[in-house]
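Please look over the structure shown below, together with its sequence.

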Amino acid sequence: MLLVRSIWNGAISFGLVSIPIKLVNATESHSVSFRQIHLEDGGRIRYRKVCELEEREVTQGEIGKAYEDADGTMIPITDDDLAALPIPTAKTIEIEGFVPADSVDPLQVDAAYYLAANGVPAAKPYTLLREALKRSGKVAICKFALRGRERLGMLRVVDDVLAIHGLLWPDEIRTTEGVAPDTGVTVRDKELDLADALMETLGEVDLESLHDDYREAVEELIAAKASGEEPPSAPAPAPGGKVLDLMAALEKSVREAKESRGEEVAEVAPMRSRSTPKQPTGKKSTAATKKTAAPSAAPTKKSTAKKTTAKKSTAAKSTTKKTTAKKTTTKKTTPRKRPA
């Protein structure tokens with residue numbers, strides 16, 4: 001039973017076999033959508049479709065499409081005009097050929113759709129094409145028209161359903177010129193070995209186990225604000241920095257990956273980068289100690305000098321006193337001459 005509305009009805013052209021089908025979307029978006037509001041009062045911001053000639057709002061039923069010419073002239077194009085285009089893909093998925101699945105560049109893969117058999121008579125040819133694709137291991141390259149333009153497509157089997165992927169035309173894929181590093185870089189075998197070890201440790205991933213953490217965080221934020229609670233705070237960012245030693249970074253990555261999986265990790269001596277400054281040796285430390293100790297010795301010298309000066313000064317004064325006392329004593333002890 002088809003649970004979603006079909007967006008295109010037509011047929012698959014497989015040689016002379018025609019398979020009526022309905023095209024439905026194979027994917028859906030789960031991202032949280034926001035509305036624009038006026039910050040001052042919270043009012044909703046809306047866009048209105050206005051005719052610039054009459055300066056009035058028009059309804060969807062009054063709106064058509066047109067091509068604007070180089071001089072600004074509008075050339076109306078109707079859905080009937082497009083439906084009457086003289087191309088076979090207007091209502092038909094034309095299979096051009098079959099190729100191995102791995103020959104299609106993933107860069108070309110665009111939107112995906114499921115193809116449902118349209119009516120009971122379509123079941124037999126639908127199943128035939130599905131089983132033929134399964135047995136061949138190939139995909140069908142086709143062309144089809146959708147939303148106003150012809151597209152390239154890849155028809156393949158998903159479970160028991162035919163699916164079609166829109167493909168970009170080869171001239172819509174840009175070249176890689178100017179994207180790769182323009183400097184010559186040499187990768188050593190040891191670095192490649194560590195990269196291989198990291199890839200092996202991380203192992204394969206189950207795509208079904210992956211989920212959108214950002215969407216869940218936004219939903220928690222909305223729920224908290226709606227209930228008047230404090231929104232969850234963001235975790236502290238992991239410390240980052242420039243990777244100066246690629247080998248050390250790879251070794252650390254392998255070690256952490258093994259630890260996260262509960263594996264035993266042998267101790268790996270960290271490799272010092274050439275740009276890492278050497279640690280100071282004992283001699284330099286001694287010299288630094290001497291230099292540090294030197295200023296504290298200076299005051300002692302000054303203090304000693306002061307004491308010496310004071311001693312000399314005291315001695316000098318003492319000597320002067322002694323000399324003066326001697327002179328005085330000599331003067332006093334000199335006998336007086338008697339008169340004749």
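## Confidence in the model

The quantity pLDDT is the predictor's confidence in each residue, on a scale from 0 to 100, and contact means heavy atoms within 4.5 Å. Over residues 268-340 the pLDDT stays under 50, and for this stretch the model has eleven contacts beyond four places in sequence. Where pLDDT is low, the predicted coordinates should not be read in detail. For the protein as a whole the mean pLDDT is 77, with 74% of the residues reaching 70 or more.

This is a predicted model, in which local features need pLDDT of at least 70 and side-chain atom pairs count only at pLDDT 80 or more, while totals for chains, interfaces and linings use all residues. Residues are numbered from 1 along each chain as its sequence is written, and side-chain values use heavy atoms, with hydrogens and water left out.

## Overall make-up

The protein has six helices and eleven strands, which are DSSP runs numbered from the N terminus (helices: H or I, at least four residues; strands: E, at least two). Of its 340 residues, 17% are buried, where buried means under 20% relative accessible area, exposed means over 50%, and partly exposed lies in between (1.4 Å probe, protein chains only). Among contacts between residues at least 6 apart in sequence, 59% join residues at least 24 apart.

## The largest nonpolar core

A nonpolar core is a set of buried Ala, Val, Leu, Ile, Met, Phe, Trp, Tyr and Cys residues joined through side-chain atoms within 4.5 Å. The largest one here has 19 residues, and those with the most contacts inside it include Ile12, Ile93, Leu129 and Ile164. Among the elements that give two or more residues to this core are strand S1 (8-14), helix H2 (123-136) and strand S9 (138-146), and S9 supplies the largest share, four residues.

Not counting residues up to four places away in sequence, Leu129 touches Ile12, Phe14, Ile19, Ile95, Leu155 and Leu162.

## A buried loop residue

Gln108 is found in the loop between strand S7 (92-100) and strand S8 (109-117), and because its relative accessible area is 17%, Gln108 counts as buried. Beyond its neighbours within four places in sequence, Gln108 is in contact with residues including Leu152, Trp169, Pro170 and Ile173.

## Cysteines

A search of the whole structure finds zero disulfides, a disulfide being a pair of cysteine sulfur atoms within 2.5 Å. Cys142 is buried because its relative accessibility is 0%, whereas Cys51, at 24% relative accessibility, counts as partly exposed.
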